[in-house]
Each structure stands twice: as C-alpha cells, then as structure tokens.
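The following exercises concern a single protein chain. Each task is followed by a solution in steps.

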Amino acid sequence: MTKPGGSLPRPRGAWWREGAITATAFALCLLGGTVRVDDTLSAPPVAAYLIAVLSCAVLPLRHRAPPAALAATTAVGVLVQPLDLLLNPLVMAPAVITAYSYALVARTERRAAGAVSLSSAVLLAASVSQSGNFSWQDASRVGVVATFPLVAGVLGRSVRNRRAYLAAVEERARRAEESREHEARRRVAEERVRIARELHDLVAHQITLANAQATVAAHLFDTRPEQTRRSLRELVETTGHALDELRATVGLLRQSGDASGDAEPAPGLSRLPALLESFRRAGLEVSVRQEGTARPLPPAVDLTAYRIVQEALTNVTKHAGAGSARVCLGWNRDHVTVTVTDDGGDARTAPVASALSERPPGYGLIGMRERAAAVGGHLFADRRPEGGFLVSAQLPLPRARDTARRTGGAAPAEKTGEKTGEKEEKRMADGATGGGRNGGGADGDVP
C-alpha cells in the first residue's frame, strides 16, 4: 500500500537497521568528543553528549525530510568548536550520513551537489574562522572534515544511479517478457484463425456439394430414379474427397515438427479445371473467361485466387437458386482480378436452394476478405442490380520482369496457361449441364 506522500512503507527490518545506524553515529560522536587538541583522549564531556544527542536525533527523519536533516546536522557541527570540542570527522558522522541520504534521494545531481557542497563549505568556514593558531595539522583535519560530506554525497549519487540502472534493466526485462507473451498470444490467435480458415476452405465446399447432392437425390427420388442414382454416386465420391482432405489436414496439424515426407503442393489456378468440374457434377453450370495475358503467380497469391474462386462458387451452390455462374480472371500489369458472378436464381433449383439456405450464414466472406488482405489485395462482394451476387477480388502481382527472373521459364508457362484456359472455357461453354443447383446471392457465407 502506498502512503499519501508517494513513498512506500518501510519494512520491519528497516527499523532495526535505522537503530543500528543511529547507535553507531552516537558512539562515533562521543568518541570524537574525547579527542583533544593535543591528540590526547579524555572522558567525553557533557558537550559531547549534547552534540551527539542533537545530531543523532534527526537521523531517523532523513528519509522523510532529507534537506532538513542535512541542515540540522550541519548546524550542530557549527556548534562543536564554540562548545570547546575539537571538530573532527568522528564528530561529523551524522552530517556525513545525512549527506549520503540526501544525495540518494535528490531529484537532480545539481541539487545534490549544491546542498552537499554548501554543507561542506559551512563546516569549513566555521572551522577556519574559530582557529587562532592554525597549523598544518589543523588544516589537514579541517580538510578531512569538509571532504567527508562531499565523498558521502558522491557515494550516495552513485548508489542512486546504480539503483536506477538496475530498475531500468528490470523494467526492460519485464516489458520484454510481456511483449514476448503478447506476441506469443497474438501468434496463437493468428494460427487459430489460419487453421480455421484452412479447414473451412478445404472441407466446407465439399460438404456443401454433398449436402446439395443429397437434397437433389431426395427431391428426385420418386420421379427420376436414374438421376437419383447418379446423384448418390456423385455424393459418395464427394464425401470421399472430403474425408481425404480432412484426413490430410488433420494429419498436418498433428505433426510436432516438419513433415518427413513430401507434402502435397498448395492448390492454385492450375487446379481450377478440376475444381470447376466438381461443381459441374453438382449441377452448377460454370463458364470461365480470361482477359489479358496470364503469367505465373507467387504461391501465396495463387493459393488466394484459387480459394476465393472455390469459396465464391461454394456460396453460389449453397445460398441461392442460381443455375449458372461465371468466373473471370482479368490479368493486368500489376494485379489480377478474380470475379465470380451468378445469374441470381433458377426455378429448377428452388427446392435445393430453400433447403440449403435455411442454415445460418457463416464465415465465407470474412475468410475471403482475410485472404485477400493477407497478400495485399482487397475484396468486394455485394448483390448485383440485375440480380445475383458479385464477388470481385483484386490481388497484387509482381512486375513481369521480376516474375520471369524468379521462375526462369515464365513464357512457356504463360502459353500453357492460356491454352489451358481456352480449352477449359470452351469445354465449360459446350458441355455445361444444368442438373439443378442453388446459387450465391445471400450473404455469401458458408458455415
């Protein structure tokens, strides 16, 4: 508990220490009072007891009022010679103690130096003015008397600086420990979000497709048994893929160190045809269009673009009655734009859409925005005036020269990517089937 003056309460052991210091100073004062001018010793006179009592009585107050204690002990020192006592360092022991205490607590070094120097000057002046026959022995004694408070002041200031240094070191260590703990908590939180996002992106779209396929099978069970059987076969295949991806993801999370075997590369736009085929099997017509010249993407941007397309199409399948969706990849000099739109509803898919959209919205849009922001891009998602939903992400690209230098084979890769995109677009446009799927207006979130 802190006192009103701002000082901490002194521990119990400090009172025993204060008593020992006061008793020692009292004994030194009496011993100094026994010294005579001719360097002989005698019993301490009454004046010695008076000086010892007056100077030592203020010692316990030096922590609360250091300037007053220093002034009081200095004033008592001035009375030593008028009381027919020899002014020597032993008699001035209380003044030395108060000089040390004041230098220890003074706010600035200038104040400490000024107060201690003034005390030494007063003692020096009092000794010299009252000495009639002043010898070299007297000069050395008076010099020691005047020097002792200065030495005590320097020692007190050094101890203060040392304590301040140790306190600063401890404070830096404490702040460093707190910052490490805060950084550790922040990293744990970021890792939890990353794991949740990865699980969401890896598994949620497969579960959504499986749910849609099961709903279609149940809806067509009595009227179209052949289509029902096809939907059930696709459901088995979809759930198998979901289990494989979930097993692989959980296996990576359970590893305590680096994987001993080769991990599967992160998906990118090169796996876009297989992704779109999975949505086609679920009954969603998807067309692909590319604008500009495709070129290799950094791994993080490539993964982000793939996940945004995956999540946007999953939302189309889950939340609305759309029968078709369009994916557009726009390549510019410094960014690539990924756009996914849907047609806003289809009567053929109304039962499926109503069944799937009853679930509460999840974190799909949040995850897409987080992914886009993580690579320095941004994402826009909103309803279209003509109906349907629009998801558009703009992701930054390195300069073409830097990309070619890193990959070493950018030109062939670009040509291959263009051919693949053209084949995929043609295949999607010519062979799209409308088996009845729901689309992506709503909030665009998946559970």
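Residues are called buried under 20% relative accessible area, exposed over 50%, and partly exposed in between (1.4 Å probe, protein chains only). The model is predicted, so local features need pLDDT of at least 70 and side-chain atom pairs count only at pLDDT 80 or more, while totals for chains, interfaces and linings use all residues. Residues are numbered from 1 along each chain as its sequence is written, and side-chain values use heavy atoms, with hydrogens and water left out.

**Exercise 1. Describe the chain as a whole.**

Step 1. Of the 447 residues in the protein chain, 41% are buried.

Step 2. The chain contains 13 helices and 5 strands; these are DSSP runs (helices H or I, at least four residues; strands E, at least two), numbered from the N terminus.

Step 3. A contact requires heavy atoms within 4.5 Å. Among contacts between residues at least 6 apart in sequence, 78% join residues at least 24 apart.

**Exercise 2. Determine which elements build the largest nonpolar core.**

Step 1. A nonpolar core is a set of buried Ala, Val, Leu, Ile, Met, Phe, Trp, Tyr and Cys residues joined through side-chain atoms within 4.5 Å. The largest has 38 residues, and Ile308, Leu313, Trp331, Leu379, Val391 and Leu395 have the most contacts inside it.

Step 2. At least two core residues come from each of several elements, including helices H8 (272-281), H9 (299-319) and H11 (364-374) and strands S1 (285-291) and S5 (389-396). H9 gives the largest share, 8 residues.

Step 3. A separate core of 18 residues includes Cys56, Leu59, Val80 and Leu123.

Step 4. Leu395 touches, among others, Val301, Thr304, Ala305, His335 and Ala372, when residues up to four places away in sequence are not counted.

**Exercise 3. Locate salt bridges and explain one pairing by its position in sequence.**

Step 1. A salt bridge places a side-chain nitrogen of Lys or Arg within 4 Å of a carboxyl oxygen of Asp or Glu. The whole structure holds 11.

Step 2. Arg186 and Glu190 form one, at 2.4 Å from N to O. They lie 4 residues apart in helix H6 (residues 136-219), and are therefore separated by about one helical turn. Arg186 is partly exposed at 33% relative accessibility, and Glu190 is partly exposed at 44%.

Step 3. Glu291 pairs with Arg289, their closest N and O atoms being 2.1 Å apart. Here Glu291 has a relative accessible area of 37%, and Arg289 has 42%.

Step 4. Salt bridges with shared partners join Glu171, Arg174, Arg175 and Glu178 into one network.

**Exercise 4. Identify a nonpolar surface patch.**

Step 1. Patch residues have over 30% relative accessible area and no salt bridge; like charges are joined within 9 Å, and nonpolar side chains (Val, Leu, Ile, Met, Phe, Trp, Tyr) within 5 Å.

Step 2. Leu50, Leu54, Leu79 and Leu83 form such a nonpolar patch, with about 320 Å² of accessible area together.

Step 3. Leu79 lies in the loop between helix H3 (66-78) and H4, and is partly exposed at 41% relative accessible area.

Terms used: Areas by Shrake-Rupley, 256 points an atom, 1.4 Å probe, with all protein chains shown as cover.
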